[in-house]
Amino acid sequence: MTDRRLDLATPAPRAAWGDREGPWIPDTIGRTARAAEAAWKPDPDPRFPDTVLDHGTVGDITAMACAARGAKHRFEGTSREDAAIAVEAVGSWALAAVADGVGSVHDSRLASEEAVRVFARYMSRRIADSGERALTQGSGLFGEINRALGKLTGPKTTLTVAVVAAHPDGTGRYPFWAASVGDSPAYLISEGETHGLLIAEREDEFGTATAALPNHDIANVFKQIRGELLPGEALMLVSDGIGDLMASEGPQRYFADNWGLVPSPLDLMRQVQVRSRGFDDDRSAAVLWAVPENADKAPSLRPSAAMKPGGPVVRDVELSAAQTRGLEVRAAAARGAVAAAEGRARRSRVSLLEYGDRLVAIATAPVRPDAAEAADLWARTFKETADNRPLLDPFEDWWAPRVWTQALRSLSEKDPNFDSGAVAATILCVEPASDGMVDYTLSHSAGLSASIAGAGLHRELAELRSPEHHHDYGEHELWIYSDRLAEDQTLLLTYGIDPACIAEADSRPGPLQTFDVVDRETGDDDQFMVAVWGAR
Amino acid sequence: MEQVLPFYVVCDESYSMLDNIDALNDGLRELHTAVGSDPVVADKTRFGVIGFSDDAEILLELSDLSEVTQMQGLAVKGGTNYGAAFKLLRQTIDGDVAKLKQDGCRVYRPVAFFLSDGQPNYDWKTDYDALIDPTWKARPNIVAFGFGDVDHATIADIGTFKSFVADNSISPGAALHEFAGALTKSIVQSGTNMKDGEVNLQVPDEVPGFTQLKAEEL
């Protein structure tokens, strides 16, 4: 026998990326999870940003729902397939759901999003019609949801939901109902321990198959439970990205310890992403705490009645972050203080789109309270226009003003009374240049901050230089800048957020630090921010 | 606590492999590089190699490939004892699964890539039946590759998931290289599709130089 040794290549060092300091790094349970440390690629479908979060209170119930891409989808640059939602109904009930789009079926993100959306709509309608009796009609509700998901013809999802009374019954308890199809489990957190409520037993311990919606045999896969929360207890619904972790003692302890009491939204978002080697699935969690002492604290949960038909639901917070072909970017949008106090939906919008080597960010926010729907309409019209305009060379002078003008024209066709002056809007197009530099074309209206930051300082672009173009459309003005960003500079677009909070960070804020900046902002207006650098 | 998909290569090291063993070792080297550069795959797959001739031996214990800097390559030896290979594979899987579980891992059904270029000259049915015993929970999915003088029916019998035989459309060395490429693809794609699906194992249907043997209809 000849003994042969194969000498093997040394793996490349890991990229330094994301949150790397302070209270923003997700915890790790067990050995280093290398996939969780790898750089994220952009979300391919801008309607499904990397991380979404709902949070707020109704009555004595505090609810948070967060869905985040797992390490696999982030590394591959594929879409999040989990969805989570938390809303309130008629001021008396908290509703929450998580759904896990089945990965082996195409477009399953559409199914999970639709599942949590129609649950919130249908359940709140049933509650509005028949009050607490709606909680006894769970199988009928799931039948309705099943039919709605059948119309998607293909995509499948799990769905786990809960409804909790916002006010105590005569015995000081909070009645709840929870139900599920598939392997997204539900737990009760009580006195520092988690207890399984709806747990999917896997028939084949070496397999992963799960029941899903739509399902022709829903009666056999539907599970429900009714109970009561004592003050201080919580209901926790999670996708199997967390549920599979919960099979081990370490993670059980982790979630029981961290979610026994209401965490900050930042901590919940960070803990959802707890790292564990090999657990790279999407993560989602919806947690409902019965905490009477929280009653008067803002923000308020969004009413489900405010949801519009169709499309992904606008969450209270959305966050994207990516490193791609010489560019690094963060984008976030969140409710401001007024929306949080009133419990209304966020009106600011941000989306990141990839066109070949270029990244385009579109962000809008209403600058006047009467422009409730205008920012959304503007954002959608911008995107349609940009999608239809060949982006052959956006650094030609004509691209930005032409997209802008054309978008304005279709806006006035859609709504003759559209007031473009009521919205702060921007389109940013970036492309990597050599040596870590970035070429950008930025067009923006009045009302937002466009600045360049470096070495802890920031200056408004308008103070630094003259724009390449300045258009006055009467009802609003447009400035266009085309320039190159140096490797140590940040291009910052913000509305309702002080750019100094990002400019003064010690290093590039990672995704969670970006959310922290947004979350600390206490201004009235709904916010957005976009930050761009050259990739290191 | 980790989730782990174990892959085993069970490889014929009989004398008839002499001319092709280098191509196979090259393929293993490339496999190592491919897995090491993908953190998603590296985090949740483990890889082990069993070589067999007159007897069978573990050439690489089930390992995290991104932590392996050196491994024992394949080398030609004596005869063709499938039974010894199957027996050792079952023992190894039992030991590995027990150890992984003891470490708190969730273990997915193991995958074994079996490669042979000749007729077995020992009895093997008993050990094979034990390997695919449906009452044994950790029984592997087997992908069988036949090569050279191998009997097609034998290879078709051994593969429980898919079976391929070399069709001489390319050189034996190139075909073995393709074998290693198919193995790499299977590890990478299965390693990134471990969740949610009813079928976790992703083995290409077409491997250049090989023809897939269709399972006979019952």
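1. Starting with residues 4-178 of chain B: this stretch is 37% helix and 27% strand, and its end C-alpha atoms sit 25 Å apart. An unreviewed UniProt entry annotates residues 4-178 of chain B as "domain: VWFA". Bear in mind that this is a predicted model.

2. Now chain B as a whole. I see six helices and nine strands listed for chain B. Its radius of gyration is 16 Å, close to the 17 Å from the globule rule for 218 residues, so chain B is as compact as a globular protein of that length. Along the principal axes, the C-alpha atoms of chain B fill a box of roughly 45 × 35 × 35 Å.

3. Over to the largest nonpolar core, which has 162 residues. The members touching the most others are A:Ala94, A:Ala96, A:Ala97, A:Ala162, A:Val164, A:Leu235 and A:Met236. Helix 3 of chain A (residues 108-130) gives the most to this core, with nine residues. Both domain 1 (50-294) and domain 2 (317-534) of chain A supply at least three residues to this core.

4. A:Ala94 is worth a click. Ignoring neighbours within four places in sequence, the contacts of A:Ala94 include A:Val58, A:Ile61, A:Ala63, A:Val164, A:Leu288 and A:Leu301. A:Glu88 is also one of its contacts.

5. Another core, of 74 residues, lies apart from the largest one; among its members are B:Ala84, B:Ala144, B:Phe164 and B:Ile187. As general background, nonpolar side chains tend to be buried together in soluble globular proteins.

Conventions. Residues numbered from 1 in each chain as written. Chains lettered and ligands numbered in written order. Predicted model: local features only at pLDDT ≥ 70, side-chain atom pairs only at ≥ 80, totals over all residues. Helix = DSSP H or I, 4+ residues; strand = E, 2+ residues; numbered from the N terminus. Rg over C-alpha atoms; globule rule 2.2 N^0.38 Å. UniProt positions renumbered as here; feature names shortened; annotations may be inferred. Core = buried A, V, L, I, M, F, W, Y, C linked by C-beta atoms within 7 Å. Buried ≥ 20, exposed ≤ 12 C-beta atoms within 10 Å, placed from the backbone. Domains from an automatic or database assignment. Contact = placed C-beta atoms within 7 Å.
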